[in-house]
Structures are given as structure tokens and as C-alpha cells.
Amino acid sequence: LLTDLRHLPDGTVLEADICIIGAGAAGITIAQALAGASLQVMLLESGGTELESEVQALYEGESVGLAYPLDAARLRFLGGTTNHWMGQSHPLDRIDFQKRAWVAHSGWPIGYGELERYLTDAHAICDLGAPIYGPEQLRGTPHEPDAVAPEGLVLRYYRIATPPTRFGEKFRATLERAENITTVLHATVTALATNAPASHVTQADIADVSGKRATARARVFVLACGGIENARVLLLSDQANPAGLGNGSDCVGRFFMEHPELHAADLEAHDFKHIAQRYDTIERGGIRLIAQFQLPPEVQERQGLLNTAAFLVPWMAVTNSGIQSLRRLWWAVRRGRVPDQMTNDLWHVVSDLDGIFGATLGRLSEGAWGTPAEIPLWVTCEPAPTPESRVSLADTVDTLGLRRVRLDWRLSDQELRSAQEVVRHVGMEAGRLRLGRLRLKEWFTAPAPAWPDDLKGGYHHLGTTRMSATPAHGVVDVDCRCHEVDNLFIAGSSVFPTAGCTNPTLNLVALALRLADHLRDVVRT
Amino acid sequence: MALSRRDFAVWTAATVAALRLEPALVAVRPGSPLDRLFSNPAAARKVGCRVLAAMPETARPAMALATELSVVAKGATDALGHALAERIEGDFRDGRIVIIDGWVLARSEALACAATALGPGVPC
């Protein structure tokens, strides 16, 4: 059943066995996994089925650390941020789960096996085909990669569904048909009410942007609002404890992580076609693959580095201004972003139609790849988990009167060192394999390197309700249950203690499936 | 003056020509044996000047490399290309790299360029 708070009477009380707050990747995954089960599920979504500016404005906040577009990085309607997800998928690595002496606050209380158990099902949900990520899948094809020296770099492949899975679109019919699921649109949770010691959630207070109020009651609550909003809801739920719900360890909102993405270097390639065939997007059986060069675990340990990867972007390597602008626009649109230089780029496209036409024709014919000026090399870094990088509440309020988010995103020298090292290794391999020579960006070779002004994140939000073995070091336990609240579970990448160097969606979907299994047992008992 | 992309485009094109032993692209020119390796010795010298400016201590090893390669190759350009290519590959494999104006270069290729810039009348 799909319903809308706007169409319900003011003061309505909704009831279910399980109340899931947030209909994004995590919330929808859990709900659809419970479809047909002998329990009642309520799925609360703050937005409708399309983007609405009034609702989206609830995401506005203050960025006081590294600049961050809080409202553009997330989407608040059915399907959540998957509505602009690029679909890049790869599991976390085994090393990401380990306690690493050289990475402060590292280590998960569960092992890689817990993720691995659910990867095949998570692949099906994300339309990714078989869980194969290595170069062996391209053996004997024109895309077979160069023999990269494994002691310096590991080659792995991201998998991308074509088009990327939009969870709202894909699972809407399931949610509508399931007799045991009620999805309520325009239902923003304003706080979780608890008993006096704040050890049990009694209800979720709900409102829509017009001010209509309602209440959701359930035996079990699952917070699945995303890596920033999960922390915000807990901090806003401060009736029993001024520090917020589940925040006895002062970890709620801390350890915020985001993957910095950097244009770190350019490859002066000897043979563009050779590079493009192997390192541009590869289509295989309806799935797109993108090669990444990753630092092996041994190198990470030996040199005290974070898990970091680099990838070439041959399709951005053109000299023609019109086609370059067109590609920048397309790049932004694919990522659901407003292009950085939209006016300039549109002008270049319009004024260089001849060039675009010529380049398009040229690309259609063999041998017309030419020799491009340079091929960008981008780096994506594991962010070090640091308590000072955090989400807290601002003094300003949104239209519902709720305190907005204040984000203090921080990175350390360790990410920079790790990025430099992976680029150095790519430079060495490019030379050894006779692919060309790499040139580092100027900011990267400065005597005292600092993050560039145009630093971007992957729009990944992790760590703010981290999983820990004991209440002193995190917010949720190994079952994703809040240490301090017996009927509150948290889903999504906010529970990740470390972030690896991969997009979180596939991983959070796998862990959401694991949580759904656990919730069945919880409700049954 | 920093090296431009064009300088390096010329230099790397010359290098790869030597590495792949495509004789048509390797011009035989008068001068040192290393000079004969580069289709554009001027670009190689310019790179060499930057290497010497960034790392003055490389002058002696650069000359030593030039001498050693000449002896090994006995003046034959193809053999010289082979010898240098092997060294460059070994440098990249073993992490013996230098960074000049942001370019990640094998130590041997940086030294080879430096050697061409040590000749008489080179305005570094």
C-alpha cells in the first residue's frame, strides 16, 4: 500500500511491527525483503515520488569544514539518493574490515564474510550481474588489460548497471502490492520519543512540510535516512538526554567520512586507442565495467597508507573545446549535479558544433581516435576515520522548526600521502608498460601539498553512527542495534566504521539484507 | 622556465620511438651517441636542463651513464636504444623514478636527457 500523510487526518496514529524511517537504498531493501512476511511493515518517506523543492530544502545546512554541498549531495524522495546514483559498485575489501595499526579507529566488529554472504543477493537488487570484479573476466577480449605488476598495484573493476538502479522506480510496484507493507509519503520524522531512561523508542513523531502531524508506533524502529540524516534524527531526539538518543559514547555524528575524488595527474599516452580499449568504460553483457588501479594491502601496511585507488578517464581526453564541454556537461548530468561551468560549456557546445560533429564522425571510424592531449587520472581515497570530522546541529532551523545540520568535513595528511603513492605507482607502471608518462597536477607536487580548492566528494556519507563491539566506541552493535536503545536499529553507511575506497551503496544494500534477516528473528521472538 | 606539455609530448614521443625501436622515427644526427637517439634533441636537452637545475648532483652520473651506454652499444643507435630502454624499464619496475616539473620519469631517462644538456654550447 502506498499512501500519503497529506491525505490523512491530522493526528493520525499509524501502527506496525516494524517502522522503517527513510525509503532510500537501505530502507527499501529491508522493506522489500520483508514483503510477504507475517509481520506488518511501515515505511516512512519524507518526500513524494518526485523531487519537490520544499521537501528537498529540509536538507539545507551549514558546511563549516571542507566545502560541501549538503542539499545537492542527497535527494529526498522515494528512492532517496539512488535517484542520482551513478551505479558504480564494488564490495569493500577484506582489509577494510581489519584493525590496522596504521589507521586510527579502524576495524569492524564483523568480518568480510558477513558482507560476502549477502553480495549475490545485493547484486540482484542492484542489477549488477555476477559478483566478478577481477581482470580475468576480460581475458581473451580486446579489453584484456596490461599485465600490471601486482606488487605495486592491483587492477579491479567497478560494475555499473545500465541504467543505474533507481530504487524508487524499481521497487514501487513491490511496495504497492505487498499487503504487509504500508509506505507513507511526505512523512518526515521530527524526533523519536522514548521512555524516561531513553532505552526504548515508544513512537516516531511525524510531520509534513505544511505542518500536519502524525505518530508512528511500532515494536521495532529502523533508522535509514542516510549517513548525515541518521545522526541528525538521533541528535534531534533529545527529550530524555540533551546529547541526543543513543549518544552516551558521544559518537553520534562523529567520524563522518566521505571519499575525496581528485584529478591528480594526466597521462601523456603513446597510444590512445590502446588506453581507451582497456581503461575506458567497457560494456559486457549489459553491465559497464571501469578499471581501477588500487594499492595492494601489503603496500598499504608497509607504508602506512589508506586504501586508495586511481582510474584513467579516457573519454575526457579530448582537445576540441566543444566536445570537451559536451563531455563535462554529460559527466555532471550523469552524476546528478549542476555543471560547474554550465554557461561557458553551453556556449562552447553551441559555438563549436562543427568540431563536435567532426569528432563524432571521427570516433565512428577506426583509426580516428587520434592522439589526445592527455588522459586525466583521478584518485579516490579511503577517508581516515577521525572524530573531529562530524555532523552536529546548527542554530538555524528548517521549515519544520528542526535544527539544521552543521557539517565539519575534515581530511588528514594520510589521505594525501595515500593519493600521492597510488599516483606514483601508476606513473611507474605507465612507464614500465610503455603506456606513456604521467604528469602530476601542480598542487600535488607543491612542497607542502594541500587539498585543492575544487576538491569534490563522491556524495558518500559514512561513519556517523559507527558499528562497534562495545558501547564506549560506537553507536550500534554487530546487529546494527543501537547499543543504548533496545528496539532501535540503524541501516545504511552511517554504521560503517571505515569506508574503504569504494562506493557504499552495494555494501549497504548487502548489510541491509543482513539486517532484514535479523529483524525477522527479532519480531518473531 | 617550466617544461610545457609540448616539450614533453615531443620528448616522450622520441622516447617511445627509441623504446619500440622504430628506426624511421629515430633520426641519426651528429653529436653524442645519445643525441642520435632522440628525434628531437632540443626537447631532450630542455628536459635535461630541468633535470640538472632540479638535481645538480646528477651531472656526474649522467656523464657516466652516457659513457657506459656508448661502450655497451658501440655507437649503434638500435643497440643504444635497447640498452637505455632496458634501464628505463628496470628503473620503473624498481621504483627508481624522479619527478621533474610534475613528470614521473625513470632515473635513467632523466640522466640521459641531462647528459645531452652537458655538451658544449648548450644554453641551460
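Helices (H or I, at least four residues) and strands (E, at least two) are DSSP runs, numbered from the N terminus.

R232(A) has a relative accessible area of 3% and is therefore buried, and E229(A), at 5% relative accessibility, counts as buried too. Here buried means under 20% relative accessible area, exposed means over 50%, and partly exposed lies in between, with a 1.4 Å probe and protein chains only. The two residues also take part in a network of salt bridges that links R74(A), R76(A), E229(A), R232(A) and D398(A).

## Other salt bridges

By the rule given above, the count over all chains comes to 29 salt bridges. One of them joins the side chains of D93(A) and R156(A), at 3.7 Å from N to O. Because D93(A) lies in the loop between β4 (61-63) and α3 (94-97) of chain A, while R156(A) lies in strand β5 (residues 154-161) of chain A, the pair ties together parts that are 63 residues apart in sequence. D93(A) counts as buried at 17% relative accessibility, and R156(A) counts as buried at 4%.

A further salt bridge is formed by R410(A) with D408(A), whose closest N and O atoms are 2.9 Å apart. In this pair R410(A) is partly exposed, at 40% relative accessibility, whereas D408(A), at 15%, is buried.

V338(A), M342(A) and L346(A) make a nonpolar surface patch of about 280 Å². Patches are made of residues with over 30% relative accessible area and no salt bridge, like charges being joined within 9 Å and nonpolar side chains (Val, Leu, Ile, Met, Phe, Trp, Tyr) within 5 Å. Accessible areas come from the Shrake-Rupley method with a 1.4 Å probe, and for residues only the protein chains shown count as cover. L346(A) is found in helix α11 of chain A (residues 342-351), and its relative accessible area of 43% makes this residue partly exposed.

Residues are numbered from 1 along each chain as its sequence is written, and chains are lettered from A and ligands numbered from 1 in the order in which they are written. In this predicted model local features need pLDDT of at least 70, side-chain atom pairs count only at pLDDT 80 or more, and totals for chains, interfaces and linings use all residues, while side-chain values use heavy atoms, with hydrogens and water left out.

Key: A salt bridge is a side-chain nitrogen of Lys or Arg within 4 Å of a carboxyl oxygen of Asp or Glu.
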